[in-house]
Amino acid sequence: MVATAPDDETLPQYHIEAQTSLVERQLRSLKHGDAFAVLDSYGDIGVFPGPEGLYFQDTRFLSRLELTVEGQRPMLLGSVVQDDNGALSVDLTTPDIRLDAGDETSIPREIIALERTKFLFRGTCYDRIGLRNYDTKPRHLRVSLSFDADFRDLFEVRGSDRARRGKRSVEVTAENEVTYRYDGLDRRLRTTRLRFGPKPARLEAHKAEFEVKLAPGGRASIFVRAICDTVDHGRDGAAVVGSALPFTHAAYPSPRREDGHSKGEGMTFALAYRDARRDLRKATANITTIESSNDQFNEAACRSTADLYMLLSRTPNGVYPYAGIPWYSTVFGRDGIITAMMTLWIDPEIAKGVLRHLAATQATTVDPAADAQPGKVLHETRNGEMAILGEVPFRLYYGTIDATPLFVMLAGQYYEQTGDLATIKAIWPNLLAALNWIDEYGDRDGDGFVEYARETEKGLANQGWKDSHDSIFHADGRMAQGPIALCEVQGYVYAAKKGASKLAALMGDERLSDRLKDEAERLRQAFDEKFYLPEIGTYAIALDGQKRPCAVRSSNAGHALFTGIAYPERAESVAAALMSKDGFNGWGVRTIASGEARYNPMSYHNGSIWPHDNALIALGLARYGLKAEAARVFEGQHGASLYQEGRRLPELFCGFIQRKQRGPTNYPVACSPQAWAAAAPFAFLAACLGLELRHDRNRIRFRDPILPAFLDDVLIRNLKLGDSHVDLLIHRHGSDVTVNVVRRTGDAQVVLLK
């Protein structure tokens with residue numbers, strides 16, 4: 001998702017500036033709705049330079065929050081995001097503290113325990129700091145919180161410079177409250193209200209101090225709420241929108257008490273914590289779950305599930321998986337669709353929400369500044385000041401070549417599994433508009449291939465999933481000049497038209513159904529003629545504007561297998577290129593094979609390894625019966641997860657060769673968690689099992705299943721097809737696999753085909 005520069009000597013537009021790496025310090029991420037937090041291991045914000053902050057709608061609403069005891073930072077004992085991502089739990093203790101320089105130690109270390117719990121809910125960050133005295137005598141402590149709110153746009157935090165900003169102010173607005181205000185150039189008022197309980201002994205614009213008295217064995221708590229709000233004043237200055245979220249912060253009031261708000265804030269914290277956990281349980285109550293004989297894989301699957309449902313946000317059209325934290329916590333068309341595809345068998349509600357939301361935001365007019373044409377599907381949306389003012393083009397931005405065919409492709413897959421005709425009927429006009437866009441605007445020169453070229457200099461120059469400025473090039477390293485027809489996009493169009501042909505027949509339009517089927521087959525033939533290059537044994541990454549193939553070995557070719565556009569006789573050759581020592585490094589398939597002109601294992605797209613990319617490749621290999629190769633990719637990615645904190649696969653990692661007794665090399669500014677990376681383990685498992693769910697045949701089919709060597713047994717619970725629910729135990733006997741129905745409600749058939 002990084003854009004392009006005019007040449008290699010200029011930093012790319014919208015570049016993520018990196019003076020420090022996100023992997024230098026262990027960061028902790030929380031998210032709920034349109035708010036997310038990036039915290040250090042202490043639960044603090046902004047102690048050192050970096051991306052830490054409390055963010056709401058692409059703006060940093062809290063840029064500093066540091067806890068000290070007697071002016072010193074506590075010692076860290078442990079820090080972990082809870083298994084369901086519901087809260088951050090931090091254990092701390094006081095260091096040796098000298099109250100006066102000449103005295104001996106006044107408070108010895110390790111006698112005061114601090115337990116910190118932080119979570120997000122409904123646009124608010126909740127923070128409880130619990131203290132306990134393990135000494136045999138009473139202790140009196142000065143606990144301080146330092147804070148600030150810079151209201152920086154996320155693109156500023158990423159490294160963009162701005163000539164002008166709005167007006168920022170701060171005021172102590174009550175005996176237990178500080179309010180930061182930012183009057184933006186976009187006529188939006190953004191506020192951060194910090195509320196404390198108990199009432200601080202001293203409260204200033206950037207600091208709160210508490211006098212805490214602890215009896216032997218005594219306990220005390222300090223509560224902090226950071227409440228984010230946005231009000232749009234409109235052109236006439238009148239407030240036209242309150243909080244941008246579909247709820248009010250008044251749901252948890254803080255009644256005044258004689259004890260200085262302590263009980264009120266404590267009750268507020270408890271109620272919000274209860275409701276936040278209820279929301280999490282409700283979101284995952286009816287999904288398909290996986291348990292295996294491998295505890296490490298179980299941990300990875302649980303982490304993936306927790307990450308997915310943390311990244312889900314409610315829209316007016318259903319749930320949508322925001323792309324990733326910290327840089328992409330918003331709607332991305334491509335990311336949401338691919339995440340929905342990989343999790344369709346786990347939870348089809350994700351796909352339903354993605355389809356409905358992208359239909360609702362589909363372009364209806366020509367807008368060059370947004371790279372929009374009628375029928376085109378959204379690339380991304382942003383709500384920060386820079387997007388609203390047009391300083392970046394991403395308020396509603398359509399500069400993606402693949403989201404539109406992927407949207408149609410997902411619709412076909414969704415109906416095939418669920419039989420949800422009501423949803424297909426509701427979005428059918430949008431599907432027709434998307435198909436029309438593919439032919440009218442996507443195919444710029446009428447040659448049958450879909451190409452891209454940005455409409456303005458502000459837009460992304462490369463508009464496939466590899467959208468770095470240098471990601472599409474010729475074998476000699478020259479950058480490809482557009483309009484560019486990407487390998488994988490032709491596959492998406494092929495699969496979209498194949499799927500839409502079936503939907504058109506369902507809708508009673510046989511003429512359209514036949515036309516789409518014919519167009520798909522003509523595209524398949526033309527694709528093979530133009531893209532397959534015997535000299536490299538695989539498909540070109542792209543055709544440039546002169547229809548010259550970019551003869552570069554890349555992971556893009558694996559998407560041709562995923563979509564089925566590849567002729568069967570090409571599959572083994574393509575697989576061999578992907579799994580060669582230049583393509584597969586032991587952890588996964590590289591985006592660009594080693595030895596190509598612009599190969600760089602530390603790059604974003606030219607030699608790195610992306611879990612979602614590998615998952616689609618594994619699905620493609622399995623589609624052509626290359627199950628051993630699919631299992632090998634699965635094994636590599638699982639092995640990589642073992643070296644990640646919490647078994648969490650990141651957005652990407654570097655493509656250096658696998659070395660003994662060492663894990664993969666981290667990419668410095670990778671998002672973690674990232675939605676399509678979190679979804680990848682479910683796609684790997686489905687690929688190896690050959691899992692197919694067909695509502696029209698009322699059949700759950702396992703086509704030539706295998707399990708990788710690290711899995712002996714897999715128990716799939718609550719696999720749904722229509723009104724049927726089944727629990728299945730899959731067992732590996734050497735190279736053979738059996739499938740046993742453990743529980744069944746309904747009449748769906750379970751079929752094993754060898």
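A: In this predicted model, Ala-359 belongs to helix H5, which covers residues 348-360. Its relative accessibility is 11%, and because buried means under 20% relative accessible area, Ala-359 counts as buried. When residues up to four places away in sequence are left out, Ala-359 touches Phe-407, Ile-427 and Asn-430. Leu-54 lies 305 residues from Ala-359 along the chain, and the two C-alpha atoms are separated by 30 Å.

Helix H5 also holds Ala-351. Ala-351 has a relative accessible area of 0% and is therefore buried. Apart from neighbours within four places in sequence, the contacts of Ala-351 are Ala-340, Leu-344, Leu-410 and Tyr-414. With Ala-340 the sequence separation is 11 residues, and the C-alpha atoms of Ala-351 and Ala-340 are 4.7 Å apart.

Attention may now pass to the charged pairs. Asp-402 and Arg-334 form a salt bridge in which the closest N and O atoms are 2.8 Å apart. This pair links distant parts of the chain, 68 residues apart: Asp-402 is in the loop between strand S21 (396-397) and helix H7 (403-418), while Arg-334 is in helix H4 (residues 333-342). Asp-402 is buried, as its relative accessibility is 0%, and Arg-334 is buried at a relative accessible area of 1%.

The relative accessible area is 16% for Asp-135, which is buried, and 10% for Arg-139, which is buried. Arg-109 and Glu-110 also meet through their side chains in a salt bridge, at 3.4 Å from N to O. Here Arg-109 is partly exposed, with a relative accessible area of 43%, whereas Glu-110 is exposed at 53%. Elsewhere, a network of salt bridges links Asp-40, Asp-44, Arg-73, Arg-116, Lys-118 and Asp-127. The whole structure contains 63 salt bridges.

Asp-509, Glu-510, Asp-514 and Asp-518 form a negative surface patch. Among these residues, Asp-509 sits in the loop between helix H9 (487-506) and helix H10 (510-531). Asp-509 has 32% relative accessibility and therefore counts as partly exposed.

Gly-482 and Pro-483 are joined by a cis peptide bond with omega of about -5°; Pro-483 is in the loop between helix H8 (421-442) and strand S22 (485-486). From Ser-672 to Pro-673 the peptide bond is likewise cis, and omega is near 10°. Pro-673 is located in the loop between helix H14 (627-641) and helix H15 (675-689).

Two residues other than glycine have positive phi values. For Arg-187, phi is about 65°. Arg-187 lies in the loop between strand S12 (177-183) and strand S13 (188-197), and is partly exposed at a relative accessible area of 41%. For Asp-704, phi is near 50°. The loop between strand S28 (699-703) and strand S29 (713-721) contains Asp-704, which is partly exposed at 34% relative accessibility.

Definitions and conventions. Residues are numbered from 1 along each chain as its sequence is written. This is a predicted model: local features need pLDDT of at least 70, side-chain atom pairs count only at pLDDT 80 or more; totals for chains, interfaces and linings use all residues. Side-chain values use heavy atoms; hydrogens and water are left out. Helices (H or I, at least four residues) and strands (E, at least two) are DSSP runs, numbered from the N terminus. Buried means under 20% relative accessible area, exposed over 50%, partly exposed in between (1.4 Å probe, protein chains only). Contact means heavy atoms within 4.5 Å. Patches are made of residues with over 30% relative accessible area and no salt bridge: like charges are joined within 9 Å, nonpolar side chains (Val, Leu, Ile, Met, Phe, Trp, Tyr) within 5 Å. Accessible areas come from the Shrake-Rupley method with a 1.4 Å probe; for residues, only the protein chains shown count as cover. A salt bridge is a side-chain nitrogen of Lys or Arg within 4 Å of a carboxyl oxygen of Asp or Glu. Lys and Arg count as positive and Asp and Glu as negative; His and the chain ends are not counted. The place of a charge is taken as NZ of Lys, CZ of Arg, CG of Asp or CD of Glu.
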